[in-house]
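This briefing covers salt bridges and nonpolar cores, in that order.

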Amino acid sequence: MLPNGWKKMKLGEICNKIGSGSTPKGGRDVYLNAGIPIIRSQNVLNGFLDLNDVAFISDEQHGKMKGTWVHPNDILLNITGASIGRSCVVPSTVKTANVNQHVCIIRLKECADACYVCNLILSKDVQKQIELLSVGGGRQGLNFQQIASFSFLLPPPDEQKKIAATLSVWDSAIEKMEKLIEAKEKSFNSLLKELIYFPAESERWNIVKLGDVSEMSSGGTPKSSIEKYYNGDVLWVSIADMTEQGMYIKDTAKKLTKLGIENSAAKIYPKGTVLYAMYASIGEVSIAEKEMASSQAILGIQVSDKLVNKYLYYFLVGQKERIKLQGQAGTQSNLNAGMVKNLDIPIPSIKEQNKIIAVLDNGMDELSLLKQQLENYKKQKQGLMQKLLSGQWRVK
């Protein structure tokens with residue numbers, strides 16, 4: 001039974017427009033430092049529009065792209081690539097702008113509230129529809145017919161506005177927490193420079209090649225077609241494990257058997273090994289909390305008695321952006337063991353390294369608490385959305 005006044009609808013039934021933009025003729029060469037904003041997928045975040053990194057085009061170019069103009073209160077939806085499904089409402093402060101071909105404009109009829117419908121698009125139910133519809137072909141993407149087919153429950157306009165207003169409280173809290181985390185991360189990076197890099201630049205510490213104070217080797221992958229190589233008790237870390245767990249790896253999604261280790265290039269790293277991603281999420285770094293093996297995408301670094309593993313961890317965290325630029329050119333940026341061995345690393349005394357670690361640990365703990373709070377906000381909002389958008393809970 002649907003709540004009184006609620007209807008099951010498809011998105012196409014409540015829209016005046018579903019359409020995407022295009023890249024201006026001349027490609028990136030037409031982008032300017034000022035002018036009319038052209039919104040790209042990186043500007044469309046979940047729940048809000050980020051114009052810090054927006055591109056601009058001339059008034060003349062804007063006039064040629066009438067079909068890609070956005071209006072305040074339009075809904076924007078990313079329809080290609082890794083950010084597919086991200087959505088936000090164009091705020092009233094954006095009077096004139098365009099979108100490129102990776103962003104869809106959804107313009108609603110008067111019966112629908114933009115903030116309410118945007119929350120519907122971001123709900124688990126519609127995100128699942130997006131996931132199912134966008135799979136297939138060489139590149140993940142949505143077409144306009146698929147977008148029009150999104151189905152959901154629509155309450156009367158007054159109730160839509162009340163629900164959207166309730167959820168906006170959580171959106172505001174999430175946005176503020178994200179900005180606080182961004183500021184704390186900048187502060188932490190400044191602290192890294194102050195504690196590690198500035199003393200090195202002033203020649204206070206010796207600088208050596210990382211390969212001279214460590215031993216390192218990459219892992220391997222047993223043949224996936226041989227079942228007896230997998231589902232054993234040997235932890236086998238992947239880059240996904242690293243990005244999910246952060247500083248310390250305690251467990252892994254996949255595990256190998258001893259037979260799998262013996263019949264591949266994989267090797268077991270001792271506890272305390274610094275794990276360093278050379279492919280895909282290049283520069284990602286973690287520490288093994290137990291014995292474990294890895295795929296060939298990860299380099300295992302065992303430190304000498306001149307180097308504390310956690311100091312190396314923080315050093316590599318500070319190098320992440322530079323390392324991305326240093327990676328080998330190709331279809332994707334990669335590192336190799338030789339490049340990592342050749343990294344210059346400042347080496348203070350072990351006592352000094354431990355002092356630096358203690359200060360940085362405090363900063364990292366603060367960041368971890370903030371990120372946990374952010375996750376709590378997001379989970380709480382999702383739970384509230386499930387109740388409000390389904391009509392289980394009513395807003396008076």
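A salt bridge is a side-chain nitrogen of Lys or Arg within 4 Å of a carboxyl oxygen of Asp or Glu. The model is predicted: local features need pLDDT of at least 70, side-chain atom pairs count only at pLDDT 80 or more, and totals for chains, interfaces and linings use all residues. Residues are numbered from 1 along each chain as its sequence is written, and side-chain values use heavy atoms, with hydrogens and water left out.

**Salt bridges**

- The whole structure contains 15 salt bridges.
- One of them joins Asp-171 to Lys-381, with the closest N and O atoms 2.6 Å apart.
- Asp-171 lies in helix α5 and Lys-381 in helix α11, so this pair ties together parts 210 residues apart in sequence; helices are DSSP runs of H or I, at least four residues, strands are runs of E, at least two, and both are numbered from the N terminus.
- Lys-381 is buried at 8% relative accessibility, whereas Asp-171 is partly exposed at 23% (buried is under 20% relative accessible area, exposed over 50%, partly exposed in between; 1.4 Å probe, protein chains only).
- Asp-344 and Lys-209 also form a salt bridge, at 2.8 Å from N to O.
- That pair links strand β22 with strand β13, 135 residues apart.

**Nonpolar cores**

- A nonpolar core is a set of buried Ala, Val, Leu, Ile, Met, Phe, Trp, Tyr and Cys residues joined through side-chain atoms within 4.5 Å.
- The largest core has 44 residues, of which Ile-196, Leu-210, Ile-301 and Tyr-314 touch the most other members.
- Helix α5 supplies the largest share of this core, eight residues.
- A second, separate core of 36 residues includes Leu-108 and Ile-130.
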